[in-house]
Amino acid sequence: MIVIFFHDRFQVRCDLLAAALNHQVYPYSLYSIQPWNTAGVRKQDVFDDLTDVVRAFGSGRRLELVEMLAQGQHSVESLATNCNMATTTTSNNLQILKHNGLVATRRAGTTIFYQLAGEDVLELFLAAKRVALRRNATLRHSLETFLGNPSAQGPTIDASLVTDHMLVVDVRPRDEYEAGHFPGAISIPMDQLPERYDELPRDRQVVVYCRGELCRLAREAAVTLRGYTLDAIAMDDGIAEWRVGQEITLDYAS
């Protein structure tokens with residue numbers, strides 16, 4: 001007696017089981033689901049785990065924190081201040097990002113600093129932003145309205161068009177400048193512009209930049225400097241885009 005298991009074009013003979021199985025022919029498909037396939041993790045579980053990571057990005061507050069951490073490491077208090085967010089809200093959102101492996105921490109004395117777990121986290125943020133701006137008209141309208149505020153109106157320039165004759169100014173806080181900045185840029189934080197604008201030359205165009213495409217700090221700085229009769233223009237992108245791009249090699253404070 002012979003038991004035959006069908007699997008595509010192959011047949012496996014099992015003479016030892018033939019007598020007990022009484023000449024029955026069993027399709028291989030009945031035996032294709034083995035205990036090691038059904039026990040433990042299912043494919044749906046894998047997608048559910050992936051969903052947890054994607055869901056960690058599903059909050060405007062957390063995305064804003066990711067953009068801030070693209071500038072460099074920050075404490076909870078610093079992030080809360082810069083994002084105009086309550087400290088407890090900031091901490092809770094950071095814990096969600098950390099739980100899903102998107103941010104890391106280090107301790108310096110009694111202060112805990114947060115940073116992105118890797119450049120791939122920033123790449124994920126930028127990819128989501130790029131797709132959303134391309135596919136979602138509501139987001140495009142929101143961004144245009146936000147950047148079109150009278151306090152931020154004016155011409156912009158692409159980083160690739162910046163020349164050596166232009167003076168580049170980083171208007172982010174000093175610690176963010178030290179964590180990485182446009183090549184040759186000087187640091188004048190936004191809140192210091194009214195006291196330090198006279199340090200800037202009037203025979204060169206001044207190009208200002210900030211954190212990224214979704215930030216209007218640079219545009220507001222350019223408006224402020226033009227109010228002091230300086231030839232100022234804002235860059236379209238910022239550190240968030242340059243940190244993972246190939247076009248700009250960032251400088252770091254010594």
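## Aromatic contacts

Tyr209 is buried (under 20% relative accessible area, with over 50% counting as exposed and partly exposed in between; 1.4 Å probe, protein chains only), and its relative accessible area is 0%. The model is predicted, with local features needing pLDDT of at least 70 and side-chain atom pairs 80 or more, while totals for chains, interfaces and linings use all residues. Residues are numbered from 1 along each chain as its sequence is written, and side-chain values use heavy atoms, leaving out hydrogens and water.

There are 4 aromatic pairs in the structure, where rings of Phe, Tyr and Trp (its six-membered ring) pair if their centres lie within 6.5 Å, and planes under 30 degrees apart count as stacked, over 60 as edge-to-face and the rest as tilted. Phe182 and Tyr209 make a tilted pair, at 6.1 Å centre to centre with 50 degrees between the planes. Phe182 is buried as well, at 6%, and together with Tyr209 and Trp242 forms one aromatic cluster.

## Cysteines

With a disulfide taken as a pair of cysteine sulfur atoms within 2.5 Å, the count is 0. Cys215 is in no disulfide, the nearest cysteine sulfur being that of Cys210, 3.2 Å away. Cys215 is buried at 15% relative accessibility, and Cys83 is buried at 3%.

## Leu50

Leu50 is partly exposed, with 48% relative accessibility.
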